[in-house]
Amino acid sequence: MEIVTCELPAVAVIGMEGRAKPGHNPAPALWERANARFGEVEALALRDENGATVGVWGAMSDLSRSFLPWEDGFSRGLYLAGVQVPANMEPPEGWTKWTLPASACLRVKVEGDYAAAFRAGLDELKRRGLALAGAAQECQRPAEGGQLYLFFPFKRL
(Lines give C-alpha, C1' and ligand atoms only; values in the text may rest on other atoms or scores of the structure.)
Protein backbone atom coordinates (compact mmCIF):
# COMPACT_ATOMS: atom_id res chain seq x y z
CA MET A 1 0.00 0.00 0.00
CA GLU A 2 1.38 3.40 -1.00
CA ILE A 3 1.52 5.86 1.91
CA VAL A 4 3.35 9.18 1.51
CA THR A 5 3.67 12.42 3.43
CA CYS A 6 2.31 15.49 1.64
CA GLU A 7 1.18 19.06 2.17
CA LEU A 8 -2.52 19.39 1.40
CA PRO A 9 -3.38 23.00 0.53
CA ALA A 10 -6.71 24.50 1.55
CA VAL A 11 -9.38 22.91 -0.66
CA ALA A 12 -12.78 24.42 -1.48
CA VAL A 13 -15.53 21.84 -2.04
CA ILE A 14 -19.15 22.37 -3.05
CA GLY A 15 -21.40 19.42 -2.32
CA MET A 16 -24.28 17.81 -0.49
CA GLU A 17 -23.93 17.67 3.31
CA GLY A 18 -25.23 15.04 5.70
CA ARG A 19 -24.76 13.82 9.26
CA ALA A 20 -23.31 10.44 10.17
CA LYS A 21 -24.17 8.70 13.42
CA PRO A 22 -23.55 5.19 14.71
CA GLY A 23 -25.38 2.79 12.44
CA HIS A 24 -26.08 5.43 9.76
CA ASN A 25 -23.64 6.28 6.98
CA PRO A 26 -25.06 9.15 4.89
CA ALA A 27 -22.42 8.92 2.14
CA PRO A 28 -24.25 6.65 -0.36
CA ALA A 29 -27.41 8.78 -0.33
CA LEU A 30 -25.41 12.02 -0.51
CA TRP A 31 -23.46 10.77 -3.52
CA GLU A 32 -26.69 9.74 -5.19
CA ARG A 33 -28.15 13.25 -4.67
CA ALA A 34 -24.93 15.02 -5.68
CA ASN A 35 -24.51 12.93 -8.82
CA ALA A 36 -28.16 13.42 -9.83
CA ARG A 37 -27.73 17.21 -9.59
CA PHE A 38 -24.10 17.45 -10.77
CA GLY A 39 -25.14 19.55 -13.76
CA GLU A 40 -25.84 22.40 -11.31
CA VAL A 41 -22.17 22.59 -10.23
CA GLU A 42 -20.28 21.05 -13.14
CA ALA A 43 -19.29 24.44 -14.59
CA LEU A 44 -17.90 25.49 -11.17
CA ALA A 45 -15.50 22.54 -10.87
CA LEU A 46 -11.77 23.24 -10.70
CA ARG A 47 -10.12 21.64 -13.73
CA ASP A 48 -6.57 20.71 -14.67
CA GLU A 49 -4.77 21.78 -17.85
CA ASN A 50 -6.45 18.92 -19.76
CA GLY A 51 -9.95 19.89 -18.62
CA ALA A 52 -10.35 17.05 -16.13
CA THR A 53 -12.01 17.74 -12.78
CA VAL A 54 -9.20 18.09 -10.21
CA GLY A 55 -10.91 16.32 -7.33
CA VAL A 56 -14.14 14.72 -6.23
CA TRP A 57 -14.18 14.88 -2.43
CA GLY A 58 -15.82 12.96 0.35
CA ALA A 59 -15.02 15.67 2.89
CA MET A 60 -15.45 15.07 6.60
CA SER A 61 -15.69 17.19 9.73
CA ASP A 62 -16.73 16.85 13.33
CA LEU A 63 -20.21 18.16 14.16
CA SER A 64 -18.88 21.64 15.02
CA ARG A 65 -17.55 22.06 11.46
CA SER A 66 -14.04 22.53 12.88
CA PHE A 67 -12.65 19.72 10.69
CA LEU A 68 -11.68 17.68 13.72
CA PRO A 69 -11.88 13.86 13.50
CA TRP A 70 -15.23 12.16 13.66
CA GLU A 71 -16.24 11.01 17.13
CA ASP A 72 -17.38 7.67 18.56
CA GLY A 73 -14.87 5.52 16.73
CA PHE A 74 -15.19 7.50 13.48
CA SER A 75 -18.97 6.97 13.37
CA ARG A 76 -20.33 10.45 14.21
CA GLY A 77 -19.68 13.58 12.14
CA LEU A 78 -20.51 15.49 8.99
CA TYR A 79 -19.88 14.36 5.41
CA LEU A 80 -19.85 16.46 2.24
CA ALA A 81 -20.09 14.68 -1.12
CA GLY A 82 -18.81 17.16 -3.65
CA VAL A 83 -16.43 18.55 -6.20
CA GLN A 84 -13.36 20.75 -5.78
CA VAL A 85 -13.93 24.34 -6.88
CA PRO A 86 -11.89 27.56 -6.98
CA ALA A 87 -11.82 29.24 -3.56
CA ASN A 88 -13.96 32.19 -4.68
CA MET A 89 -16.91 30.09 -5.94
CA GLU A 90 -20.25 30.33 -4.18
CA PRO A 91 -22.56 27.33 -3.95
CA PRO A 92 -25.85 27.28 -5.84
CA GLU A 93 -29.04 27.06 -3.79
CA GLY A 94 -29.35 23.68 -2.09
CA TRP A 95 -25.57 23.07 -2.08
CA THR A 96 -23.03 23.63 0.69
CA LYS A 97 -19.46 24.92 0.47
CA TRP A 98 -16.67 23.86 2.80
CA THR A 99 -13.04 24.96 2.74
CA LEU A 100 -10.83 22.20 4.08
CA PRO A 101 -7.89 23.66 5.99
CA ALA A 102 -4.34 23.27 4.70
CA SER A 103 -2.40 20.62 6.59
CA ALA A 104 0.47 18.18 6.58
CA CYS A 105 -1.02 14.76 5.78
CA LEU A 106 -0.33 11.15 5.20
CA ARG A 107 -1.81 10.26 1.82
CA VAL A 108 -2.96 6.67 1.43
CA LYS A 109 -3.65 5.28 -2.03
CA VAL A 110 -6.76 3.09 -1.73
CA GLU A 111 -6.19 -0.15 -3.60
CA GLY A 112 -9.01 -2.55 -2.89
CA ASP A 113 -10.57 -2.54 0.56
CA TYR A 114 -11.43 0.98 1.80
CA ALA A 115 -11.61 -0.05 5.48
CA ALA A 116 -8.17 -1.69 5.26
CA ALA A 117 -6.70 1.48 3.72
CA PHE A 118 -8.27 3.60 6.48
CA ARG A 119 -6.82 1.31 9.18
CA ALA A 120 -3.44 1.36 7.43
CA GLY A 121 -3.41 5.16 7.52
CA LEU A 122 -4.16 5.24 11.24
CA ASP A 123 -1.57 2.52 11.92
CA GLU A 124 1.06 4.43 9.93
CA LEU A 125 0.40 7.59 11.95
CA LYS A 126 1.15 5.64 15.15
CA ARG A 127 4.20 3.96 13.64
CA ARG A 128 5.64 7.38 12.75
CA GLY A 129 4.86 8.88 16.17
CA LEU A 130 2.15 11.14 14.77
CA ALA A 131 -1.38 11.91 15.95
CA LEU A 132 -4.47 12.52 13.86
CA ALA A 133 -4.93 16.31 13.89
CA GLY A 134 -8.12 16.59 11.87
CA ALA A 135 -10.81 14.69 10.04
CA ALA A 136 -9.65 12.21 7.41
CA GLN A 137 -10.60 13.23 3.87
CA GLU A 138 -11.33 11.22 0.72
CA CYS A 139 -10.42 12.41 -2.76
CA GLN A 140 -11.03 10.72 -6.08
CA ARG A 141 -8.81 11.95 -8.92
CA PRO A 142 -10.63 11.68 -12.29
CA ALA A 143 -7.40 12.40 -14.21
CA GLU A 144 -5.91 9.26 -12.61
CA GLY A 145 -8.73 7.00 -13.72
CA GLY A 146 -10.77 7.75 -10.61
CA GLN A 147 -8.03 6.73 -8.15
CA LEU A 148 -9.18 7.22 -4.55
CA TYR A 149 -6.89 8.64 -1.87
CA LEU A 150 -7.35 9.15 1.86
CA PHE A 151 -5.70 12.12 3.57
CA PHE A 152 -4.90 11.97 7.30
CA PRO A 153 -3.93 15.39 8.77
CA PHE A 154 -1.29 14.91 11.44
CA LYS A 155 0.68 16.53 14.24
CA ARG A 156 3.76 15.27 16.07
CA LEU A 157 3.15 13.70 19.47
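Biologist: Which residues form one aromatic cluster?
Modeller: F74, Y114, F118 and F152 form it. This is a predicted model, where local features need pLDDT of at least 70, side-chain atom pairs count only at pLDDT 80 or more, and totals for chains, interfaces and linings use all residues. Residues are numbered from 1 along each chain as its sequence is written, and side-chain values use heavy atoms, with hydrogens and water left out.

Biologist: How many aromatic pairs does the structure hold?
Modeller: It holds 5. Rings of Phe, Tyr and Trp (its six-membered ring) pair if their centres lie within 6.5 Å; planes under 30 degrees apart are stacked, over 60 edge-to-face, and the rest tilted. One of the pairs is F74 with F118, which is edge-to-face, at 5.3 Å centre to centre and 75 degrees between the planes.

Biologist: Where do F74 and F118 sit in the chain?
Modeller: They link distant parts of the chain, 44 residues apart. F74 is in the loop between β3 (56-61) and β4 (77-85), and F118 is in helix α2 (residues 114-127). Helices (H or I, at least four residues) and strands (E, at least two) are DSSP runs, numbered from the N terminus.

Biologist: F118, buried or exposed?
Modeller: Buried, at 14% relative accessibility. F74 is partly exposed, at 34%. The cut-offs: buried is under 20% relative accessible area, exposed over 50%, partly exposed in between (1.4 Å probe, protein chains only).

Biologist: Which residues lie nearest its centre?
Modeller: M60, W70, F74, Y114 and F118, out of 16 lining residues. Helix α2 gives the most to the lining, with 4 residues. By class, the lining has 10 nonpolar, 3 polar and 3 charged residues. Ala, Val, Leu, Ile, Met, Phe, Trp, Tyr, Cys and Pro count as nonpolar, Asp, Glu, Lys and Arg as charged, and the others, Gly among them, as polar.

Biologist: On to α1. Which residues are buried there?
Modeller: A27, L30 and A34, in helix α1 (residues 27-36). They are on the same side of α1, because they cover an arc of only 65 degrees around the axis. The arc is that of the directions from the helix axis to the C-beta atoms.

Biologist: What do the buried residues of α1 pack against?
Modeller: β2 (11-20) and β4. Contact here means heavy atoms within 4.5 Å. On the other side of α1, P28, E32, N35 and A36 are exposed.

Biologist: And L44, where is that?
Modeller: In the loop between α1 and β3. L44 is buried, with a relative accessible area of 19%. Not counting residues up to four places away in sequence, L44 touches I14, V85, P86, M89, E90 and P92.

Biologist: Last one. Where is Q147?
Modeller: In strand β9 (residues 147-156). Q147 is buried, at 16% relative accessible area. Leaving aside neighbours within four places in sequence, Q147 is in contact with K109, V110, C139, Q140 and R141.

Key: On a 1 Å grid over the protein atoms alone, a cavity is a set of points where a 1.4 Å probe fits but cannot get out, and a pocket is an open set with protein on both sides within 12 Å along at least five of seven lines; lining residues have an atom within 4 Å of a point.
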